[in-house]
Amino acid sequence: MPTSRRLTMPGPSGALEVVIDTPDDTPRGVAVVCHPHPLQGGTLDNKVAATLARAFVQLGYRAVRLNFRGVGASEGEWDEGRGEVDDALAVIAAHRDPALPLALAGFSFGGFVASQAASMLPEGQKAIGLVLVGPSTQKQKVPVVPEGTLVIHGEADDVVPLSATLDWARPQALPVVVIPGAGHFFHGQLPLLKTLVVRGWPH
C-alpha cells in the first residue's frame, strides 16, 4: 500500500505543511502538487489536488503536496501569488531528488503557481513535465509552458472559463484536454481525471 506522511518543513515565511505520498516500489520520480486559491478555501486536501497526487503515485512517483503560507499548519499570510510561488520553490528544493526526474502539477490557482515555479527553475534543474488542471488563466498571468505540458479543463467550468484557457493555449499551439460537462471541481469526474493524467503523462 502507498504510504502518506504529513509533516512541516522550513519555508520562506515560516513552517510549511506538506503531505508526502510514496508508492510501494522505489520512486521513479518526484511530483510537487499545488492546491487551489487559499482565499477560496483551497488546501492540500482539495479533492482535485489529492487526485493529482494519487495519479502520480500510480505512475510510480513520490507526490508532495504543500499548503501555501497561511493555510492549515503553514505559517505566514497570503501574498497575492508571489510568496506562494516562493513556497512551491522551497518545497521543490527540499524534496526533489537529484537522481530522479521532477514533475510539477497544480489545480486552478495552483496551476498558475506550478507553471510559474517551473519557469523559474534554472537550466539543468527543470521539471520534465507539467500537469495543469483548470489553470487560473483568467485572473493570473500564467506563463508560456513547455511543449508537452498536459492541460485538462472542464467544459462547464464556471470559475475559469474554458475560453480563457483556450485563449492562453492558442498562441502556444498547446492542446487542451476538455472533459465534456465537467465543472471547475470535476464533481463525479475525479476517476476520469485521474485516468487522463495517468494515460496522458508522456514521461
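**View 1. Strand 6 pairs with two neighbouring strands.** Strand 6 and strand 7 (residues 150-154) pair in the parallel sense over three bridges, and Val131 stands opposite Leu150 in strand 7. Five bridges join strand 6 to strand 5 (residues 102-107), again in parallel, with Phe107 opposite Val133. Strands (E, at least two residues) and helices (H or I, at least four) are DSSP runs numbered from the N terminus; pairing requires at least two DSSP bridges. The model is predicted: local features need pLDDT of at least 70 and side-chain atom pairs 80 or more, while totals for chains, interfaces and linings use all residues. Residues are numbered from 1 along each chain as its sequence is written, and side-chain values use heavy atoms, without hydrogens and water.

**View 2. Strand 6 is mostly covered.** Five of the five residues in strand 6 (residues 129-133) are buried (under 20% relative accessible area; exposed is over 50%, partly exposed in between; 1.4 Å probe, protein chains only). Gly129, Val131 and Val133 point one way, Leu130 and Leu132 the other.

**View 3. Glu17 and Arg6 meet in a salt bridge.** Their side chains approach to 3.0 Å, N to O (criterion: Lys or Arg side-chain nitrogen within 4 Å of an Asp or Glu carboxyl oxygen). The pair links strand 2 (residues 14-22), which holds Glu17, to strand 1 (residues 3-11), which holds Arg6, eleven residues apart in the chain. Glu17 counts as buried because its relative accessibility is 8%; Arg6, at 46%, is partly exposed.

**View 4. Asp167 forms a salt bridge with Arg170.** The closest N and O atoms are 2.8 Å apart. Asp167 is partly exposed at 46%, whereas Arg170 is exposed at 54%.

**View 5. Glu80 and Arg82 form a salt bridge.** The N to O distance is 3.5 Å, and both residues are exposed. The whole structure contains seven salt bridges.
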